[in-house]
Amino acid sequence: MSEAGTGPGRATGLVDARVIAVIARMQKIPVDSINLDQSFEDLKIDSLDGINLMFEIENEFGIEIPDEEAKQIGSVRQMTEGIEKLLALKQA
Amino acid sequence: MSRRVAVTGIGVVSAFGDTFGEFWTGIAAGVSAIRPMTLVPPGSLRFANAAEAAGFNPTRHFDDKEILYLDRFAQFAAVAAREAMASARLDAHLGDRAAIVTGCCTGGQSTEDENFHSLYAGNQRVSPVTIPRVMGNAGASRISREFGITGPVYTVSTACSSSNHAIGQAFWMVRSGAVDLALAGGSEAPFSLGFLKSWEAMRVVAPDTCRPFSLDRRGLILGEGAAMLMLEPLEAARARGAQIWGEIAGFGMSSDAHHLTQPLAEGAARAMRAALADAVTTPEVFSRDAGYINAHGTGTTANDATETEAIRGVFDGHAHRLLVSSTKSMHGHALGAAGALEAAATLAALRGGIIPPTANFTAPDPACDLDVVPNHSRAAEVEWGMSNSFAFGGLNAVLVFRRA
């Protein structure tokens, strides 16, 4: 998918939606029950779920999340922000 | 009938070499055998270090035809069993009053990996020796044939607790009189690319080294090898003038019934309490002369803090007298062989009066506030030892040892 000309805000929105879709699929919960302000704990994502989620996110975005960064991610927003950073590094 | 049970022979294959002597010399000196991996292509994983039995050469121990039928993990088991037999000064053909109980988590991992890879790459045929090489009991069966052991022979698979469950079962059989001799321990050879990739995906393997109980610990380091112990009734061992490494005094098991991978302090504590009760001792008596605990101590954030909480829960006001070290910092986490290697270390520590350290230690973690014998071994006359194993799946197995 080309994101040329969509601007940073638009691109962020896409990342958010894709992350939320992956979480919904992995946790077997509706998309509209997930928002950026929720922690993994709120979403009942335990340590093993979290590792599994990272794996799916890496596939979804074609990125590799280093172990040390993965340990810092504990909410939906931290996940989307981390992905944007890794995508920016990938494009640079 | 309830008999005291002595350990009269020990055999080890590890990253330190093919003998118990090399293993104990290394860990007693606080040397870490963690090195860059050689068994998988460099750069294929996010971690690069392990405690491989890099010096193990099967042609030194087996002829070519035997090697064809034995995966690396079964070779390790047989070599360790031979050393245990020799050090116990027992001859072959032990018969049906002897048992073998081995622990193994993954079986013939590299055989499976190589054959399935070849199949998926387009080769339509798989070697007919794949099944006998892969089966988890291949090591136990080999030892049975080699030494004519025709009594109870089986293999226990409970991930990282496999060996402790195996040794505990064998201990109970000898104690009860069900058998008069038992070879017990475990072996593991987990270095296939597919299996290592699976560990990488779990994000629990350290990129540098294994630093149990350190504030900056970053995970476990995988290891491989085998250890076998010869168990026999103490009185019989004394009567025949056997060397006695120590006694196995108690065994306790529990299941967390909690989570697939997250440890639970209360589950670990229940296994420790059960092992102390089985040894007819108490936390107070155990720790009176600075008891030694060879910790599960994987070096993961979760294990080491949870294990500390469990030890504090069991030993309460006596915990400060304990010496607690994780020898995984030196021989790596050998999964289904871990408990066997650590039993060998614990017995040697009690007999030699030298407590092996937690190597690679950098900074204390307030969540792991025990005396973890950082970096340097310590001379200490210790009466009691304990060796902890806590497996994925929440299965806990703890052995209690006593100096002979």
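Trainee: How many residues of domain 1 of chain B are in contact with domain 2 of chain B?
Mentor: In chain B, 63 residues of domain 1 are in contact with 66 residues of domain 2, where contact means heavy atoms within 4.5 Å. This is a predicted model, in which local features need pLDDT of at least 70 and side-chain atom pairs count only at pLDDT 80 or more, while totals for chains, interfaces and linings use all residues. Residues are numbered from 1 along each chain as its sequence is written, chains are lettered from A and ligands numbered from 1 in the order in which they are written, and side-chain values use heavy atoms, with hydrogens and water left out.

Trainee: And where do the two domains of chain B lie?
Mentor: Domain 1 covers 5–239 and domain 2 covers 249–402, with bounds from an automatic or database domain assignment.

Trainee: What area do domain 1 and domain 2 of chain B bury between them?
Mentor: They bury about 4700 Å², 68% of it on carbon and sulfur atoms; buried area is the accessible area (1.4 Å probe) that two parts lose on being put together, summed over both. In domain 1 of chain B, N164(B), F213(B) and R217(B) lose the most area to domain 2, together 19% of what that side buries.

Trainee: Switching topic, how many salt bridges are there between domain 1 and domain 2 of chain B?
Mentor: The count is three, a salt bridge being a side-chain nitrogen of Lys or Arg within 4 Å of a carboxyl oxygen of Asp or Glu.

Trainee: Which residue does D278(B) form a salt bridge with?
Mentor: Its partner is R175(B), and the closest N and O atoms are 2.9 Å apart.
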